[in-house]
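Have a look at the structure first, then work through the points.

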Amino acid sequence: MSAYDVAVIGAGPGGYVAAIRCAQLGLKTVCIDERERDGKGLLGGTCLNVGCIPSKALLESSENFERAKHGFPSQGILIGDLKLDLQAMQERKRKIVDAHTNGIAFLFKKNKVDSILGRARIVSGGQAYQLEISSSATVEAKHVIIATGSSPRKIEGAPFGPRIVDSSGALSFEEAPKRLGIIGAGVIGLELGSVWRRLGSEVTLLESSPEFLPLADGKISKEAMRLFGRDQGWTIKLGVNVLYINEKDDIVNVVYEEKSGRVEQDFDKLIVAAGRAPNTQGIAEDALGLALDDKGFVRIDAQCRTNLPRIYAVGDVAGGAMLAHKASEEGVMAAELIAGRKAEFDRNIVPWVIYTKPEIAWVGKTEQQLKEAGMEYKVGQFPFSANGRAQALGEAKGFAKMLSDAKTDRVLGVHIVGPYASELIGEAVLAMAFSASSEDIALTVHAHPSLSEAIHEAALAVAGRALHI
Ligand code: FAD
Ligand code: NAI
């Protein structure tokens, strides 16, 4: 039996990053993952194979298609016979995914991380843990990092098949469905709905919550909903109760209740994007007593320790924000702690990005959260319509908003709906990590013309001294 200092279960952004960091810190490390294609292991987890990377590849291609169709003529660029080659678009996506997953195999080799293909289960404890692996190997490790991630949540009466699909199925359509229904107007619903709407689908989002994007700042959600509905023709139905889903012949028939009454609607494809559930089934022998919370996530402390000695859990399986960068940060923290170093991770400054058009990004507290906490705060806001670079891009929609403490001026949250919000939010994260005030940002020179000037102006606006509005 091979003996290791650390066994990492799961090679997603939580697990593979933890494994690399463990090895860098001199720990003998193995990473086990069951994901495979044609008997060959696929590293990178949900994120690289069926999540962040393939979705962003399709979002980029579909956005370029839409720009060529509707955006170029206003710039004096006329393309005669614009065509879509979806097969080539999907092939490009596959190549990007392969390059990334192969890259992790290379990093494992370089860092001397052993990689095993198979399903792992922690079967016994003591001085070291024994892990049984489905591929018949057994390994022993002093420390274990559980990074098994999450899977799409199923909803009753909607078995996945050729017409009712989860996010993975929706990344692989061979043609744009004419009528696309999506259950859940969350992050996946909006991103994958964007891809297929741009490629020709009529998209209807059926969301049970009466609120649109409740995690985001209220003003941002409102503006996003207005832009999606007004400019892009999305049909977004909130407060809907899905009653029945029936597949018949070539269609999916969905019966739901909305304010005006009962509605029956046919779709060519239905995406179920109603959240994700943690992968904890069979992860550890019951007798070991690994504690889960009431939603099935592995229970951890602030430093990702489980209730069992020397076992950590990181990423989606451990609850909190289901984001790749959060998983990786937790993975690094667990590795540092195992190596006997000090490590912590401030979950208050994890950025969120939704890759729609316009993009939506935020970090820190929303206005609703500050109100609920009874905190006094100042607000600065600046529209992209007054930003030269956004105008030149043809994307002068949305705004940047900054919230700071009324007394100390420390930045408490930054919220953006607008072009390249995913890149702009980095400045806000850094500012918050260094406890910057809005005045610090206001006193910092920002290049002209650049989108980052909107952040600068929002910071100036906190003190009521924005220049270009
Ligand atoms: P995962 O990436 O899920 O990896 C877990 C791995 O563990 C899997 O490969 C699985 O095969 C393996 N595994 C499970 N059980 C076992 C076992 N018993 N034995 C062996 N192996 C096992 N996040 C972002 O931050 N940005 C984005 O743009 C983004 N886009 C997304 C788009 C989509 C369509 C989806 C579905 C998700 C997206 N996410 C995004 C979320 C992101 O993918 C997850 O938060 C991230 O992958 C979590 O990483 P993880 O390491 O915790 O788990
Ligand atoms: P989500 O939690 O973002 O959204 C699910 C939505 O479905 C919610 O709004 C919920 O109210 C709704 N819902 C649940 N059950 C329903 C039902 N029966 N009928 C109608 N609506 C219902 O989850 P989603 O979109 O599945 O994504 C999972 C996670 O993956 C996200 O929370 C996010 O953390 C991660 N992700 C991150 C991305 C990014 O960072 N850009 C991109 C995609 C996913």
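1. **Ground rules.** This is a predicted model, so local features need pLDDT of at least 70 and side-chain atom pairs count only at pLDDT 80 or more, while totals for chains, interfaces and linings use all residues. Residues are numbered from 1 along each chain as its sequence is written, chains are lettered from A and ligands numbered from 1 in the order in which they are written, and side-chain values use heavy atoms, with hydrogens and water left out.

2. **Ligand 2, polar contacts.** A polar contact here is a pair of N or O atoms within 3.5 Å. Glu207 also takes part: an N or O atom of its side chain is 2.6 Å from an oxygen atom of ligand 2. Ile188 uses its backbone instead, with a polar atom 2.9 Å from a ligand 2 oxygen.

3. **Ligand 2, surroundings.** Count the neighbours and you get 20 residues around ligand 2, with Glu191, Glu207, Gly275, Met322 and Val353 the closest (a neighbour has a heavy atom within 4 Å). By class, that shell has eleven nonpolar, four polar and five charged residues; Asp, Glu, Lys and Arg count as charged, Ala, Val, Leu, Ile, Met, Phe, Trp, Tyr, Cys and Pro as nonpolar, and the others, Gly among them, as polar. Helix 6 gives the most to it, with three residues. Helices are DSSP runs (H or I) of at least four residues, and strands (E) of at least two, numbered from the N terminus.

4. **Ligand 1.** Now for the other ligand: 38 residues surround ligand 1, and among the closest are Gly14, Asp33 and Lys56. The Asp33 side chain puts an N or O atom 2.8 Å from one of its oxygen atoms, and for the His325 side chain the distance to a ligand 1 oxygen is 3.3 Å. On its own, ligand 1 exposes 1,000 Å², and the protein buries 94% of that (Shrake-Rupley method, 1.4 Å probe). Helix 2 gives the most to this shell, with four residues.

5. **Aromatic pairs.** How many aromatic pairs does a search of the whole structure find? There are four. Rings of Phe, Tyr and Trp (its six-membered ring) pair if their centres lie within 6.5 Å; planes under 30 degrees apart are stacked, over 60 edge-to-face, and the rest tilted. Phe173 and Trp196 have ring centres 5.2 Å apart and planes at 50°, so they are tilted. Phe173 is in the loop between helix 5 and strand 11 and Trp196 in helix 6, so the pair ties together parts 23 residues apart in sequence. Both are buried, meaning under 20% relative accessible area (1.4 Å probe, protein chains only).

6. **A stacked pair.** Compare Trp352 and Trp362, which are stacked at 5.6 Å centre to centre with 5° between the planes. Trp352 sits in strand 20 and Trp362 in strand 21, so parts ten residues apart in sequence are tied together. Trp352 and Trp362 are buried as well.

Key: A polar contact is a pair of N or O atoms within 3.5 Å; within protein, one must be able to donate a hydrogen and the other to accept it, and residues adjacent in sequence count only if both atoms are side-chain atoms. Buried means under 20% relative accessible area, exposed over 50%, partly exposed in between (1.4 Å probe, protein chains only).
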